[in-house]
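Have the structure open as you read.

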Amino acid sequence: MASSSDPWMKEYNEASRLADDISSMIADRGSLPQSGPEIMRHTSAIRRKITILGTRLDSLESLLGRIPPKSITDKEMHKRQDMLSSLKSKAKQMATSFNMSNFANREDLLGQSKKADDMSRVAGLDNQGIVGLQRQIMKEQDEGLEKLEETVLSTKHIALAVNEELTLHTRLIDDLEDHVDITNSRLQRVQKRLAILNKRTKGGCSCMCLLLSVVAIVILAVIVWLLVKYL
């Protein structure tokens, strides 16, 4: 029976606890808002831990392959292989739920050489070295997350500025429409007054023509009368 101080079992127990921690974080994710920086940070932390779990699983596979044949029984070897396979299956299922296809199927996306490179990175490392490698990976992913957050904040500020500009333009257009309506109303009133004045002017001309005609007739009558009287 394998001892708890066995390097492989110790590494397996740590990987198993990490997988349980990831499962708990995935369950907690449902209580967070569907959008915003909080859910982004939480999701990034989950993806980062899934990547670390993948590194630990590679280390376990490497350690299992370096175990001397006579140091453990065949039964124990098969048992460890089954344990590792089960943990890998759980990790792949969690990775797939976050669209981490490079974890679930590394051979298809990165090729065998990449997997061999990953194995070579952890093959010669002890537990302290693996912890250092994990810290390096976490640091790189933290830097990537910070850059992503800066980009999101910058995009947000640009969107707010554009929104303010659109709001200002909308307000200016509304004011312009109000001025146009007022001007149109005034123009209509002026047109009505001009129409009334035009009618009055036409009426005044008719009266004047009639008056002039009457005066002309009177003058003509007077002239005729004078001619009759003195001739």
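Let's start with Asp 142, which is partly exposed, its relative accessible area being 30%. Keep in mind that this is a predicted model. Asp 142 sits in helix H6, which covers residues 127-230.

Now look for Ser 44: along the sequence, Asp 142 and Ser 44 are 98 residues apart, yet their C-alpha atoms are 8.7 Å apart in space.

## Helix H3 on its own

H3 takes in residues 74-97, 24 residues in total. From first C-alpha to last, H3 reaches 35 Å, close to the 34 Å expected at 1.5 Å a residue. After H3 comes Asn 99, with a positive phi near 60 degrees.

Which residues in H3 are buried? They are Glu 76, Met 77, Arg 80, Met 83, Leu 84, Leu 87, Ala 91, Met 94 and Ala 95.

## How H2 packs against H3

Two packed helices are described by the angle and the distance between their axes. For H2 (residues 37-65) and H3, the axes come within 11 Å and cross at roughly 160 degrees. Angles over 145 degrees count as roughly antiparallel, so that is how H2 runs relative to H3. The crossing of this pair, H2 and H3, is left-handed.

On the H2 side, the contact involves Ile 50, Leu 53, Leu 57, Leu 60, Glu 61 and Leu 64. These meet Met 77, Arg 80, Gln 81, Leu 84, Leu 87, Lys 88, Ala 91, Met 94 and Ala 95 of H3. Sorted by class, the H2–H3 contact has 11 nonpolar, 1 polar and 3 charged residues.

Definitions and conventions
Residues are numbered from 1 along each chain as its sequence is written. This is a predicted model: local features need pLDDT of at least 70, side-chain atom pairs count only at pLDDT 80 or more; totals for chains, interfaces and linings use all residues. Side-chain values use heavy atoms; hydrogens and water are left out. Helices (H or I, at least four residues) and strands (E, at least two) are DSSP runs, numbered from the N terminus. The expected span of a helix is 1.5 Å times one less than its number of residues. Buried means under 20% relative accessible area, exposed over 50%, partly exposed in between (1.4 Å probe, protein chains only). Axes are lines fitted to C-alpha atoms, for helices over the stretch in contact, and angles run from 0 to 180 degrees between N-to-C directions. Angles under 35 degrees count as roughly parallel, over 145 as roughly antiparallel, 65 to 115 as roughly perpendicular and the rest as oblique. A crossing is left-handed if the near helix is turned anticlockwise from the far one by less than a right angle, and right-handed if clockwise. Contact means heavy atoms within 4.5 Å. Ala, Val, Leu, Ile, Met, Phe, Trp, Tyr, Cys and Pro count as nonpolar, Asp, Glu, Lys and Arg as charged, and the others, Gly among them, as polar.
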